[in-house]
Amino acid sequence: MAYILSIPFGERADAVQGCVSSLETARELFERFHSFAPPKTLRRRCPRLMPKVLVNLGELRGLIYRSDKEQCGRPRTFIHFMETPPLLASDPEGKQLYIVGGNYRVTSRGIEG
């Protein structure tokens, strides 16, 4: 299902304003990437700070993901190989993955770089 994932900031007024601006930017990118407007926004709690120590798992050479890009409600599987591979790392407990570095961007054409 297509949606924007919003991570709540908290109660501070300046954080709420930043969130509104970020949500608008996210909606614009979603629409460029998917070729249709996001039908909804989901809110989920998630730690936003990267741990000070990560375990290097290796180079992230590619991604396989499922998306309804350009076909709302009809997801397809996409494979993307990274030209400049970022590192794939985890937290020391092995419970959260992180993509560190690389040279890629998300555009209307998909994931480039």
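Tutor: Welcome! In what follows, helices are DSSP runs (H or I) of at least four residues and strands are DSSP runs (E) of at least two, numbered from the N terminus. Please keep in mind that this is a predicted model.

Student: Thanks! How many helices and strands does the protein chain have?
Tutor: From the N terminus on, the elements run β-α-β-β-β-β-β-β-β-β. Counting them up, the secondary structure comes to one helix and nine strands.

Student: What share of the residues of the protein chain counts as buried?
Tutor: A residue is buried when its relative accessible area is under 20%. The protein chain has 113 residues, and the share of them that counts as buried is 26%.

Student: Let's look at strand pairing. In which sense do S3 and S6 pair?
Tutor: Strand S3 spans residues 55–59 and strand S6 spans residues 87–90, with four bridges between them. One place to look is Val 55, which stands opposite Ser 90 in S6. The sense in which S3 and S6 pair is antiparallel.

Student: And which residue of S7 is the bridge partner of Leu 88?
Tutor: S6 is also joined to strand S7 (residues 97–100), again by four bridges, and these two run antiparallel. Within S7, the partner of Leu 88 is Ile 99.

Student: Which residue takes a positive phi in the hairpin of S6 and S7?
Tutor: Six residues lie between the two strands of this hairpin. The residue there with a positive phi, near 75°, is Gly 94.

Student: Now Asp 68. How far away is the nearest side chain of opposite charge?
Tutor: Asp 68 is located in the loop between strand S4 (62–67) and strand S5 (76–81). A salt bridge needs a side-chain nitrogen of Lys or Arg within 4 Å of a carboxyl oxygen of Asp or Glu. Asp 68 is buried yet has no salt bridge, and the nearest side chain of opposite charge, that of Arg 76, is at a distance of 8.9 Å.

Student: What is the N to O distance in the salt bridge of Glu 24 and Arg 27?
Tutor: Both residues lie in helix H1 (residues 13–34), three residues apart, about one turn of the helix. Glu 24 counts as partly exposed because its relative accessibility is 40%, and Arg 27 is partly exposed at 32%. Their side chains meet with an N to O distance of 3.9 Å.

Student: Is Lys 69 buried or exposed?
Tutor: The side chain of Lys 69 meets that of Glu 70 in a salt bridge (3.7 Å, N to O). Glu 70 has a relative accessibility of 49%, so it counts as partly exposed. Lys 69 has a relative accessibility of 4%, so it counts as buried.

Student: Which residues form a nonpolar patch on the surface?
Tutor: One member, Leu 87, has its place in strand S6 and counts as partly exposed because its relative accessibility is 38%. Together the members have about 230 Å² of accessible area, and they are Met 50, Leu 87 and Val 100.

Student: Last one: what distance separates the C-alpha atoms of Glu 28 and Pro 38?
Tutor: Glu 28 lies in helix H1 and is partly exposed because its relative accessibility is 41%. Pro 38 is ten residues away from Glu 28 along the chain, and the C-alpha atoms are separated by 9.2 Å.

Note on methods:
Residues are numbered from 1 along each chain as its sequence is written. This is a predicted model: local features need pLDDT of at least 70, side-chain atom pairs count only at pLDDT 80 or more; totals for chains, interfaces and linings use all residues. Side-chain values use heavy atoms; hydrogens and water are left out. Two strands pair if DSSP finds at least two bridges between them. Buried means under 20% relative accessible area, exposed over 50%, partly exposed in between (1.4 Å probe, protein chains only). Lys and Arg count as positive and Asp and Glu as negative; His and the chain ends are not counted. Patches are made of residues with over 30% relative accessible area and no salt bridge: like charges are joined within 9 Å, nonpolar side chains (Val, Leu, Ile, Met, Phe, Trp, Tyr) within 5 Å. Accessible areas come from the Shrake-Rupley method with a 1.4 Å probe; for residues, only the protein chains shown count as cover.
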